[in-house]
Structures are given as C-alpha cells and as structure tokens.
There are 2 protein chains.
Amino acid sequence: MTDRLPPEALLLLLGPRPDGALGRWIEDGLRAAIIDGRVGPGAVLPSSRDAATALGVARGTVTAALDLLVGDGLLVSRPRAGVEVAAVLGTGVPTGPGATPAPTPAAMPTPRPARPPSVGTPDPALFPRTAWARAVRSATAGLPDADLGYPDPQGLLALREAVANHLRQARGARAEAHDVVVVSGVAQGLTLLAGLLAGPLAAPRSGTMPAARVAVEDPSSPGAVDLLLAAGLGVDPVPVDDDGLRADLLPDASAVLVTPAHQFPLGVVLAPDRRRELLSWAAAGGRYVLEDDYDAELRYDRRPVAALQAMDPDRVVLLGSVSKMLSPALRLGWVLAPPQLVGPLVEAKTRADLGCSVPEQAALADLLRSGAYGRHLRRVRTVYRRRRAVLLEALGAHVPDLRVRGVDAGLHVVVELASRAAEDEAVRVLAGARVPALALSATGAVPGERFGVVVGTARVRDDAVAAVVRAVRGQ
Amino acid sequence: MTDRLPPEALLLLLGPRPDGALGRWIEDGLRAAIIDGRVGPGAVLPSSRDAATALGVARGTVTAALDLLVGDGLLVSRPRAGVEVAAVLGTGVPTGPGATPAPTPAAMPTPRPARPPSVGTPDPALFPRTAWARAVRSATAGLPDADLGYPDPQGLLALREAVANHLRQARGARAEAHDVVVVSGVAQGLTLLAGLLAGPLAAPRSGTMPAARVAVEDPSSPGAVDLLLAAGLGVDPVPVDDDGLRADLLPDASAVLVTPAHQFPLGVVLAPDRRRELLSWAAAGGRYVLEDDYDAELRYDRRPVAALQAMDPDRVVLLGSVSKMLSPALRLGWVLAPPQLVGPLVEAKTRADLGCSVPEQAALADLLRSGAYGRHLRRVRTVYRRRRAVLLEALGAHVPDLRVRGVDAGLHVVVELASRAAEDEAVRVLAGARVPALALSATGAVPGERFGVVVGTARVRDDAVAAVVRAVRGQ
C-alpha cells in the first residue's frame, strides 16, 4: 500500500486533459503508461473519488475507464485495497512486497488439457481487448447493408486498402489494394499458395515430373514444412548460415519459402547480396519467392529491413498477419501477391471458405486507419524488447559460454547446446516451467546436425528467466 | 370456437408457475404442449386478458409469448376469433402431380465459380448489429488469457457445447461437444469433407478407381457441386422429385450430399421412406451422408423435420451455419461428425487455417447460451414467412397457372417456366430489378430439362413483388 500513487501523478501520466472523450483519455493514457512501464506493477491507483477530483471528471468516468483496464488484464481490483497495476506486465524487476498473482479473467474456463503455448506467440495479456471490441462495434455499426452478405472473397476493400498502406509505410512494400488477398493467417496463405504451386501453376512445368518442389530454409518451422508436404509438394532444404539462406545452393524448384527479416528459428537476417542472389534465381526460372514476413515488425535495435517484395513484386509473394501484434486467436492475415497470382489465389480462397469475417475485417481496417494499430505495435515492441533483454542479460551473466544466435528482434531466442542430451534436458526443464520451447534439432532437415533450444520470450519474466538459465545450464 | 380452452386449463398445460422468467414459462410450456399434442390443432386459446388473470402475469407477458409462438408457426392469430393452434402440424409432406424425370448418368457441367447462390441470403437489414457487437465485447472481455493464443482447431469448447445443445434441441440431433468441429461456414465444412473423401477415406476403396465419387441431388447448388469437383471427386447426379432425392437410384459412391429439410433449389422435403432408404444405402456400403441442413430452421408451417443425423450418427455428417440466421458475412458454421471422422476433420481444419476466430466463436457461444440466438431466429422467421406469403399471394393472383414448388420454408421460391426463353427473360427482368435470382436450368445436371427461376425472398417486398410477377409473366 506504500505504493499508492498521489492523485496528481495521474495528470502527469495522462498528459493534457482533452475537451471531450474523457473516458478514452483516462483509459488509453493509463494503458500506455502501464505498457511503457511508466507506472510499475503493484502500484496502487488513487481512489476513484480522488482521481475524479484531480482529473476534473465525473467519478463514473474514472470507474468505467478502470473497469475496462481490469478487463484488459492491465489492472487488478482488490477488495478493500484498491485497484493496482497487474504484475504480469513486469519488466523483469522483482515485484514488491504485496506479490501480485496474475490477473484473473472475468470468467474462468472449465478445466481443459493445456496445449503448450508455441514458441513465437505473443503475450495474451497484451491483447487490447477493449480496443478490439470497440473496433468491432464501431465497424459493425458502420457497415453498409451490402457488406453483410457473402463477403468479397479477396477481402473487404477497406481492409485491403489499409493493409496496402500499412505494408507500404511499415515494410517498404510495393502494395495496392488490388494485389492484397485477405486470409485467415499466414498458415492459410501458405496452404492456398501451396495448392496453386502443386496444381494450376505446376501444369506448365510438371510434364513428367512427379510433384512440384519448394525450397525451404534449413532449419525452419516444422509447421510450415508440414503444410507444403500436405499440399503434395516436394520440399528441398537449403542451409542457413549467419547471412541467412545460402542462395547459392538453391535447387531447381518452383518456389522458395523464406523468412528474410528474422529467420525462424536462427534469428539471422538475409544479407543484401543473398537477397539479390535469391531474386536472380527466381527471375531466371520464373520461380516464386514466398516471403513470410516473420517478426519483421519486432526489430528492436533498428528499423526492420524492408520487405524483399519491393525488389521484385512480380516474383515475391509477401505473407503477414496480426498474430504477433494482436493475437493468433483472431485468424487474420494477408497475402500481397504478384498480379498474375491474385486471381488464382482469390479462387482458391473462395473454394476454401468463401472469405473472411466481414465485421473482423472492418474492425482491423479501423485499427489500421486510425493509427491505433501502429500505437499498439510500438507499445508491445517496448515490452517485448525489455523481456528479451532481461533474458539475454541473465544468460550472459550465468552461462556466458553458451552462444545465443540472431539479431535483436522477435519473440524467441535460440540457445545452442552441445549435445542431444543437453537439448533433451533443456526442453524437459522448460516444459516443466511452462516456458514455450522447441528443440532446435526438430527444426532441421538433417537430424543431429544442430542442437539447442528455441525459447519463446514473449512471456518470459522473473521465475521463467531463472528456468531458462537452469534449463540451458543443465544444472 | 367451441374448442376454446378455459383459462384454468392453461395452468394445467404449463405446470407450476416459476418465480421469474414468466414469458419463457408460457412460451416454452405452450410450445411443448402443442408439439406433444396435449393441445390439438384448432384449439383456441383464452383471450390474453383471461389468460393473464388465470396465470397471474401481466397481459403483455402473455401477448409477447403468443407472438413468438405465432412466429414459430405453432399458433395462428385470427382477427376477431382469437389465437388458435395451427392446423398444419402433421407429418405429411405436400405433394403434387409433378412428373419424375428419368435418372441421368450424365456428368455434371464443368465447374463454375464457387459463389453461393445469393438467392438464399438473408436480409442484411435484419442482422442484429448491436447484439452481435455486444456479444463480441462481453465475450472478448471474458476470455481467459489461455484462449488468446492459437485457437483449438476443433473449435472453442464453449461454442462446441452451445452448438451441440442447440442441435439437440432445435434439430433433434444426437450431438455432443466432442463431435462438433467449428468451421468457417458450410462451404468450408464441405471442402474439408471432400478432401477427406478424396484422400484418406478413399484409400481403402480406391484400388483401381480413378477418383472417389459423391452422389448429389439433381438439381442442386452449383457452388456445392463445384467444391466437390475442385477437391478431385467425381460427382453423380441423382434426380429429385416431390419426395426429395430418388434414394432408389443412388449409385455406388462414397457419399451423398443432400438437403433433406428443404431441398435446394426445389424446396421439397425428403420423405420418411426416402430417409430410411438413404440410410440403408449408406449403412450397406460404409458410405457417408453429408446432410446440409439447408433452411432447416426456416420452416413456416410446422416444426421442421428432425435432422437425418439423429437416425444414424455413425454415417451422417450434419453441416450448418449462422449464414441465414445471422449473416453470411460472419463465416461461422459447424460440422457434427461421426466419431471416426472427427480426428481427420480437425487435422484438415488445422492444415486449412489453424482454426476460427476465438472472439467470434465466444460471441456466438454467448448468443446461443443466453437464448438471444433463439429469440432472433423466431423474429426473423416471422418476417421471412410474411414476405414469402406476400410474394406467393401475388403470384397466385396474377399468374395462377404457373407452378410454385416446395414447402412453406426458406428464403427462396422456385417458379417453373415453359422454356429457356421464358427463363432467360425472367432472369433478365429480375437482375434489372435487383432481385436475387438464379436460372433453374443452371442447377440441373442436364441442360434443358427444367426451366424456371429460383427467386430469393428474403428482401422481396412491394416493388420487388411486382418485379417478380412481371418477370415470370413474360409480360
């Protein structure tokens, strides 16, 4: 309770009082202050009466705003103690004497088998529930009747425009609304493209060939490789080194799947000469580059490298989604496709599911257009950068001899280990500590070539940091 | 009038008066009594004033409950005579003197773009925008953090439970949450099932066969046929007469796709003996019945026939969605699958898109659980019934010699015409009047066998009614 904020401090946190939308001012300002770490975990807010007086608003305006943040999981309401900032948003700093449990959501689920959260998924506590629900409401209210029939399978025009604009600005892409196809995430985008490569696009080159082939990074995401195989494609692994994919070793395939901005899992960036080599390979053979824009918007040390797509929009297909920035529970993503692929892709999307939910598309369009998406991105980037830094600092202090690969980006780190036994042990310890982790050897084409753990960093704090250190040290 | 119930009899029919939810008590109790036959067709209810006194409730509570039952088609309101139990609650299916076409072994026409017939789409003006946005908001706020990662690809447990409950109650299905797979609509459900029939399920029987085959109704939805063809399946058309699919003509196929509750497009209901014959065919060959629950919840003259699924849950796959009741813009549906298909279906769904949006699934679960979905259903049913009746009345008055097929249900009517010229003209006039319409000949396997127009009735009012009359009269 020593940590209670003086009412006047609220004004400093929130900034100048606007003329209207006072509830939004309080809610958004406090959320930003919490996510930015300007007000720390365990801090107790002034009483709603004192806050209302200090801010010059009605008491109900304060309580309504705080309720929304409680719903967001950013604040916790404690009977007789007041409303305090949730510990789940800590920055690695040990919490105060009133050790705070994770915020309890309004409705507890019925017990169910826990699926391990996968490496690379964001912290659900950062999902902006209120902002999302508000966007759905306002977008749904504003939709013309004509948009409430079967959707445009290519995607709502307003969203395609907003995505194109976002990709131009944030990723330097060459994007127009008519080249964007809205999909239910990168996985669906890949499945649809794989279907095209295995079917219609394969026709001219198939002849006597048994199946079209796609080159993939080695190591790479086992899930993505599975999708390609399930579509009937052959898969050719190509090694990755510290400059990314060995473009000089690319085989004669129909396409290559790459993660140039932040290679999964090694975390390296595709070097400029490799980018050029890759594009020459594609242009020479009428091949496609499937650019999974993995982690591109979570670069912490500099602006992310621009999308490859900008260098050859006729050969590069750019795939992205909101899974990291908002939540993988939303199932919304996009494919920015070369003009000749847009028609076949839309046809494939139509056959797959007739299109994506219109209210959700409209809501995402609103968030992108209003700038709320960009602001959210900057906030979560701050949080994730700090969590990654705390983990790396602990590893550097406790296991300085272990190599951590990759640039300062994303939601995972790779710690290399000497043997399969060390890898097994690390994966086991991390599973016990409920830290998302993946054996590095499971991502490679050749068993036994590389050992280590891929550790999800999005939720790694405090005790989880200690668990990671313990896991890779092998006691 | 001799049949008027004494007010006190209501108490006997409804059972003990609860402390709250008096409207529901009256509505549900009366519905049960009517369906169970404890109160027979033609019975006249006491006046709302007498009923209110006898039951000890406000008069408005009585009239609101009766209105909902009128909307259900269980009661009929007669000016100056009172409200009486509807006469048409038998199990007989309206039949007519229609000639039965010979079975046609011909292949279906070449694939068309897989857009669903807009003739069956609901009136977007009836989409409950506020209720939907509110459900998304409250569901999103209440989701535990654990549900904000990648979704359960089978579907959110809360939604699967709510859907199973709904299917048991509204469709008489044998449904449990573990047999439900949430999909992005019936089209996706069909695509996933078609993939299984063409792949894993085909293996044991394929041998030397070039492709697994699926029997379809002739005529049927061109979009659905296209999905099956796109999955690599062969398609065998089987004629439909006034009793529905000619089950005696079913070929040796892996499965059949049917619309038993309201055949698309002819609007007939699968007769009881045909249902049995169909199920024998399936059981005898280890085949599957894909039951598209088309229009099942939009029967206006009686309770809809129960789902086929209840008669053989090991062979029948029931597909449904919210497209008609809420909006096709939402992309939410379900597959109630035999136990042995659930695993393969979930795997296919995972490969397709990893699962459906969690906030939307949670919102639909809320609407189903709270009863809001059921109330909305009753409201729109009243509206759609009225619009259909107005159109049929106008057709009867102005073109009494034209035959309108099908039972009193759904969002479309079929008007048979004498020639392709008359059909072309009707489609042209309706397109000009912006009334959703489809040439009947486009739904059949054999060109030139049947002519007519399939007209969407969901939005047909006033000037649109005149346009339909003009279109089919051919001036």
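This is a predicted model: local features need pLDDT of at least 70, side-chain atom pairs count only at pLDDT 80 or more; totals for chains, interfaces and linings use all residues.
Residues are numbered from 1 along each chain as its sequence is written, chains are lettered from A and ligands numbered from 1 in the order in which they are written, and side-chain values use heavy atoms, with hydrogens and water left out.

**Where the chains meet**

Let us begin at the interface. Chain B brings 51 residues to the contact and chain A brings 56 residues (contact means heavy atoms within 4.5 Å). Together the two chains bury about 4,400 Å², with 60% of it on carbon and sulfur atoms; buried area is the accessible area (1.4 Å probe) that two parts lose on being put together, summed over both.

Between chain B and chain A there are 21 residue pairs in polar contact, both residues at pLDDT 80 or more. A polar contact is a pair of N or O atoms within 3.5 Å; within protein, one must be able to donate a hydrogen and the other to accept it, and residues adjacent in sequence count only if both atoms are side-chain atoms. On the side of chain B that touches chain A, α5(B) gives the most, with eight residues (helices are DSSP runs of H or I, at least four residues, and strands are runs of E, at least two, numbered from the N terminus).

**Salt bridges**

A salt bridge is a side-chain nitrogen of Lys or Arg within 4 Å of a carboxyl oxygen of Asp or Glu. The whole structure has 44 of them over all chains, and three salt bridges cross the interface of chain B and chain A. Here are some examples.

| Pair | N to O distance |
|---|---|
| Arg351(A) and Asp226(B) | 3.2 Å |
| Asp241(A) and Arg274(A) | 2.8 Å |
| Asp366(A) and Arg369(A) | 2.8 Å |
| Glu176(B) and Arg168(B) | 4.0 Å |

Arg274(A) is buried at 10% relative accessibility, while Asp241(A) is partly exposed at 25% (buried means under 20% relative accessible area, exposed over 50%, partly exposed in between, with a 1.4 Å probe and protein chains only).

Asp366(A) and Arg369(A) are three residues apart in helix α12 of chain A, which means about one helical turn separates them. Arg369(A) is exposed, at 53%. In chain B, Glu176(B) is partly exposed at 41%, and Arg168(B) is partly exposed at 34%.

Finally, a network of salt bridges links Asp242(A), Arg403(A), Arg405(A) and Glu416(A).
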